[in-house]
Amino acid sequence: MPLYKRKPFDLVGKPEDLKPQELVFQIRFTKEIFRSYNEYLKRINFYRKRVWTCKATGKGNLTYEEALDSEEKASIRIQSIPIEYIAPVLRDVQFSMLNLKDLVNSIAAKLEGPFSEGAELYGRKDGRLHLCKVVKVVEGTHKTQYEVEWLRSSEKTLLNGDELTGKSLPFSKRVLKAFIKDSTCRSLPWVLHENLVKKHGIKTSPSGELNLKFSMQNGLLVCSRKRKKSEETPSDKEIKVYHRRNQLSSQLPWYSKIANGANENQEDHSIKYPIEDLLVQPSEEDRLLMERPNPCSDFNVPMGCVGDLLMVWDFCASFGRLLNLSPFSLEDFENSLCYRDSTPLLVVESYSALLHLVVKDNGKFSIVVENKKRKPKITQITWTEYLCDFMETFCTEDLSMHISTIKRGHYGLLEISVKLAIFRELVAHALETDIVKEKLDEYIEERQALAAARRDEALDEGRKRREEKERRKSEANGKEVIQEKSSGKGNNSSGNSDNEQGDSKKNSKKRKVEANTSIEDVNHASKRDIHKLMKNEVKESLEMKSVEERKEFLEQEIEKRVIRNNPLGKDRNYCRYLFFRRDGRIFVESSNSTQWGYYRTKEELDALIGSLNTKGERERALKKQLQKFYNRICLGIEKRSEKMQTTVEMEESLVRRSTRVRAPPNENRTLSFLKYANKWKDL
C-alpha cells in the first residue's frame with residue numbers, strides 16, 4: 001500500500017446496507033465505493049495529488065496509482081531473489097538498528113564473504129584474476145589466510161582475503177532494498193511481518209540492550225520506557241487539549257471533515273471547475289442551459305460513408321487550383337455519386353484530375369501507364385482505362401473485383417461505398433506525391449509570412465496606442481513644454497524635410513537593390529531569405545489599405561491556404577464538431593464515427609452554444625472555439641441560405657407546366673449537378 005506522509009493510509013470500507021440495484025461511484029484502482037458524488041470526486045482528486053510514496057522503493061512525489069505501479073514492479077523484482085538467500089537476509093533484518101543504506105551494505109558484504117571451504121572464487125595471480133577453489137582456511141592472530149587450488153593448473157597457493165574476489169550476488173542492492181521494505185512493518189528497529197517470522201522460524205523478541213528499551217505486546221513492538229508524570233493541573237490539561245484539538249481540526253484533510261459531517265454546500269464550492277465532463281453532475285445552475293438541438297441527418301449517401309464523402313470533397317476543394325478542378329458544392333458531389341443512370345461529368349472530371357496528378361508524379365503508377373502505352377491525355381473516354389490500371393496496381397481485392405463493371409461502362413451501377421472507397425485510395429496516393437508536398441510547404445511558408453505580417457500590424461497598433469496615451473499625458477501635464485517643442489521643431493522643419501527626402505531616396509534605392517538581389521539569388525536563397533521576401537511582398541500589398549481592410553485581407557489570405565481542417569472541439573460524449581468554410585454547415589461526428597449530423601441555421605448554432613456546460617473541460621473548449629469563429633460561421637450560414645433562396649426563386653419563376661410533362665434536367669433543382677463544367681481544366 002502506498003504511504004501518505006510516510007505512514008500507511010487506510011481505505012474507505014464498503015458502505016453498509018448496500019442494495020444490489022443501487023447506483024454508486026467506485027474508484028478503479030482502490031475498489032472503494034461511495035454513495036455521494038462529492039466524496040468520490042474529492043477522494044479521487046486526493047489520489048491524483050503527488051503526495052504519495054512507494055513503500056517498496058521509497059520513491060516520493062507520486063500519485064496513488066503511480067505508487068501502486070511502482071510497488072507492483074518492485075514485487076516482480078523481489079521474486080528474483082533465490083530462496084536460499086531469503087532466510088539469512090531476514091535474520092539480519094529482524095530488530096536491526098541500522099538505517100536502510102547501512103543495513104543493505106552490511107547484508108551484501110556478509111553474503112559475499114567471508115569465504116568458506118569449497119567455495120569457488122577468483123584469486124589474483126601474476127596481476128590477473130584466475131578461477132580457484134578454497135581448500136583450507138588458515139586463521140591467524142592478525143588476519144585470516146586461505147589456501148586455494150587453481151582449477152586450471154591444480155597448484156595450491158596461500159592468499160590473503162583481499163586477494164580473493166567472490167562471485168557477484170544474483171540480485172542487486174536495489175532489489176535487496178526493496179525486499180527489506182516489503183518484508184518489514186516498521187523501521188529502527190526493523191520488525192518483520194508476522195507471517196514471515198513464522199514461516200522462516202525467526203526470533204520474535206528483541207535481545208540484549210533492545211530488550212530493555214522495547215518489548216512485544218500483542219504482536220507489536222512497544223517502547224518500554226516510562227513517561228514522566230506531569231505536574232500540571234487538570235484545568236491546564238483541558239486548556240491544552242482544547243487548543244490542540246482546534247489546531248488539528250484546522251489541519252484536518254478533507255476526508256476526515258466528511259466523516260465529521262461537513263456541510264454539503266461547502267463541499268460543492270470546493271470543486272474546482274472545469275473537470276472531466278462525464279463527472280459533472282446536474283445542478284440548479286444547469287437548468288438555465290438551453291436544450292441542445294438534434295442535428296439533421298438527411299444524407300443521400302449511407303451513414304458510414306459520410307466521413308469519406310467529406311474528406312474527398314474537402315481535398316478537391318482545397319487543392320482545386322493544383323488539380324485544375326473548379327470548385328463544386330458538397331450537395332452536387334453527393335448527388336453525383338448517387339446518380340445511377342450514367343456517370344456525371346462532375347465525377348469524371350474529379351477522377352481525371354486526381355489520376356492526372358498521380359501520373360504526373362513519375363512514380364510507380366506512371367511506369368505502369370508507360371508500359372501499357374496509354375494515351376498521354378486523360379479524356380472523358382480514356383478515364384476508365386486509367387482508373388482500372390490504378391485499381392489493379394494499388395487497390396485491394398475487394399475493390400479490384402469491380403474493375404470488370406467499370407470496363408463495361410457501368411460505373412454508375414456501383415455501390416456508393418465502393419465509389420467513395422476508390423476516391424479515398426486516390427486521395428491517399430495524391431497526398432503522397434511530391435507535387436502536393438511541395439504545395440503544402442509553399443502554403444506553410446506563405447501562412448508564416450502572413451502571420452508575421454499580422455503580428456507586425458498588431459505591434460504597430462500597440463505602439464501607436466502607447467504613443468497616443470503618452471501624448472495625452474504630456475498635454476495634461478503642461479502645454480508650455482509642448483509649445484517649446486513645437487517652436488523648436490518649427491525652426492528645424494526645413495532641415496528635417498531635407499533629411500526626410502534624403503531618407504526616402506535612400507530607402508527607394510535600398511528597395512531597388514533588394515529587389516534586384518532577390519531576383520538574382522532566388523534560386524540559391526535559403527528558407528529564411530524566402531520568408532523575408534514573402535513578408536516584404538505582403539507588406540507592399542498592405543501599404544495602400546486601411547487598418548480594417550488590412551485585417552480582413554490577412555484573414556482571407558490565411559484562410560485560402562488551408563493545410564488541414566481541424567475540428568472545433570468535442571462535447572461531453574466525445575462527439576466531434578467540424579466546420580467547412582466552403583459549405584457553411586457545422587457537422588457532428590459521433591465518438592465511434594458511425595453517426596453523422598449537421599446544423600445549418602443560426603438559431604441552431606445559438607442553441608448549441610447555449611447548451612454547452614462550461615463546467616466540463618471539453619465543452620468549455622468547444623464553446624470557446626464556437627464563440628471565436630461565431631461571425632465566420634454565421635457568414636457561411638448566410639451565404640448558404642442565400643444560395644438556397646435564389647434557387648427556390650428561380651424555380652418559382654419558371655413557367656408552370658402540366659404535371660404530365662416532365663421538366664428537362666437543366667430546370668430540375670435536384671439534377672443541378674449535371675450542369676457542372678470544369679472551368680479550370682487545361683485545354
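Bear in mind that the model is predicted.

I'll start with the helices. Two packed helices are described by the angle between their axes and the distance between the axes. For α13, residues 330-338, and α19, residues 416-431, the angle is about 120° and the axes lie 9 Å apart. Angles of 65 to 115 degrees count as roughly perpendicular and those over 145 as roughly antiparallel, so α13 is oblique to α19.

Which residues of α13 meet α19? They are Phe333, Leu337 and Cys338. On the α19 side, the contact is made by Ile416, Lys419, Leu420 and Phe423. By class, the residues of this contact are six nonpolar, one charged and no polar.

Staying with α19, its length can be checked. It has 16 residues, and at 1.5 Å a residue they should span 22 Å; the end C-alpha atoms are 23 Å apart, which agrees. As for burial, the buried residues of α19 include Val418, Ala421, Ile422, Leu426, Val427, His429 and Ala430. Ile416, Lys419, Leu420 and Phe423, which meet α13, are also among the buried residues.

Strand β1, residues 3-4, is joined to β2 by two bridges in the antiparallel sense. In that pair, Leu3 is opposite Pro8 of β2.

The last part concerns β17, residues 586-589.

β17 has antiparallel pairings with two strands. With β16, residues 576-579, there are four bridges, and Tyr577 has Val588 in β17 as its bridge partner. β16 and β17 make a hairpin with six residues between them, and Gly584 in the turn has a positive phi of about 85°.

With β18, residues 596-599, β17 again pairs over four bridges. Glu589 stands opposite Trp596 there. This hairpin too has six residues between the strands, and Ser593 takes a positive phi near 60°.

That is where I'll stop.

Technical notes:
Residues numbered from 1 in each chain as written. Predicted model: local features only at pLDDT ≥ 70, side-chain atom pairs only at ≥ 80, totals over all residues. Heavy atoms only, no water. Axes fitted to C-alpha atoms, helices over the stretch in contact; angles between N-to-C directions. Parallel < 35°, antiparallel > 145°, perpendicular 65-115°, else oblique. Contact = heavy atoms within 4.5 Å. Nonpolar A, V, L, I, M, F, W, Y, C, P; charged D, E, K, R; others polar. Expected span 1.5 Å × (residues − 1). Buried < 20%, exposed > 50% of the residue type's maximum accessible area, 1.4 Å probe, protein only. Pairing = 2+ DSSP bridges.
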